[in-house]
Amino acid sequence: MTPSDWTDSALLAKAGAPDTWEAVEGFWLPRPWLLAETCPAVQADPLQTGTPPASPQTIGLAAAFEKGGSRLGRRNGRAYEHSIRGEGDAAPTPPTAGFRMRLEGRIASYPSGRAIECSASGPDQRPVCIVAIRLDRVAYEDAEGATLSEWRPG
């Protein structure tokens, strides 16, 4: 997972972030409306004739770094990665139930005092919202919750 550089985002500029924050690294949540840890089964719509377009991103997390603050937690465009290695000459085998990415931290606030900033392009459009956060830990886990790799700012 590679964080995006959202430092110059128009939505964050509206919240006054460029005046206080030196860098902002962002992550989109691909399915923020799900309550389960697994993806639901896809059910075809009998009235749908083609492949539906992908939904636009609606919820993002913005990890903010204040001007003059510590640079230890910054990724600067580097991805969070985990390598799988095989035993001896055997090919690597990914976990059968897949991976989880765990983000731990706390909700922060924008310079405006709000924790969430939203914007919509029109009254009939779903808003795009970005939550200000402080990350304390990022980890890859297997389906049982065992830590495979982790990163902490410090």
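The model is predicted: local features need pLDDT of at least 70, side-chain atom pairs count only at pLDDT 80 or more, and totals for chains, interfaces and linings use all residues. Residues are numbered from 1 along each chain as its sequence is written, and side-chain values use heavy atoms, leaving out hydrogens and water. Strand β6 pairs with β3 in the parallel sense and with β4 in the antiparallel sense. The structure holds one disulfide.

- Strands are DSSP runs (E, at least two residues), numbered from the N terminus.
- Two strands pair if DSSP finds at least two bridges between them.
- Strand β1 (residues 4-5) runs antiparallel to β2, with two bridges. Asp-5 faces Glu-25 of β2 there.
- Strand β2 (residues 21-28) is joined to β3 by seven bridges, also in the antiparallel sense.
- Trp-28 stands opposite Gly-60 of β3, and Phe-27 stands opposite Leu-61 of β3.
- Six of the eight residues of β2 are buried (under 20% relative accessible area; exposed is over 50%, partly exposed in between; 1.4 Å probe, protein chains only).
- Six of the eight residues of β3 are buried too, so β3 is largely enclosed by the rest of the structure.

**Strand β6 and its partners**

- Ala-62 has Ala-132 of β6 as its bridge partner, while Leu-61 stands opposite Val-131 of β6.
- Nine bridges link β4 and β6, which pair antiparallel. Leu-103 is partnered by Val-138 of β6.
- Strand β5 is joined to β6 by four bridges and runs antiparallel to it. Glu-117 pairs with Ile-130 of β6.
- Strand β7 (residues 147-151) also has four bridges to β6, in the antiparallel sense. Trp-151 of β7 is the bridge partner of Val-138.
- β6 and β7 form a hairpin with four residues between them. Gly-145, in the turn, has a positive phi of about 95°.
- β6 is mostly covered, with twelve of its 15 residues buried.

**The disulfide**

- Which cysteines does the disulfide join? Cys-118 is linked to Cys-129, with 2.0 Å from S to S. A disulfide is a pair of cysteine sulfur atoms within 2.5 Å.
- Cys-118 lies in strand β5 (residues 116-119) and Cys-129 in β6, so the pair ties together parts eleven residues apart in sequence.
- The torsion about the S-S bond of Cys-118 and Cys-129 is about 110°, so the disulfide is right-handed.
- Cys-118 is partly exposed at 33% relative accessibility, whereas Cys-129 is buried at 10% relative accessible area.

**Ile-59**

- Ile-59 lies in strand β3. Its relative accessible area is 25%, so it is partly exposed.
- Ile-59 touches Phe-27, Trp-28, Leu-29, Pro-32 and Cys-129, not counting residues up to four places away in sequence. Contact means heavy atoms within 4.5 Å.
- Ile-59 and Ile-116 are 57 residues apart along the chain, and 9.8 Å separates their C-alpha atoms.

**The nonpolar patch**

- Ile-84, Phe-99 and Leu-148 make a nonpolar surface patch of about 220 Å².
- Patches are made of residues with over 30% relative accessible area and no salt bridge: like charges are joined within 9 Å, nonpolar side chains (Val, Leu, Ile, Met, Phe, Trp, Tyr) within 5 Å.
- A salt bridge is a side-chain nitrogen of Lys or Arg within 4 Å of a carboxyl oxygen of Asp or Glu.
- Accessible areas come from the Shrake-Rupley method with a 1.4 Å probe; for residues, only the protein chains shown count as cover.
- Ile-84 sits in the loop between β3 (59-66) and β4 (99-107). Ile-84 is partly exposed, with a relative accessible area of 32%.
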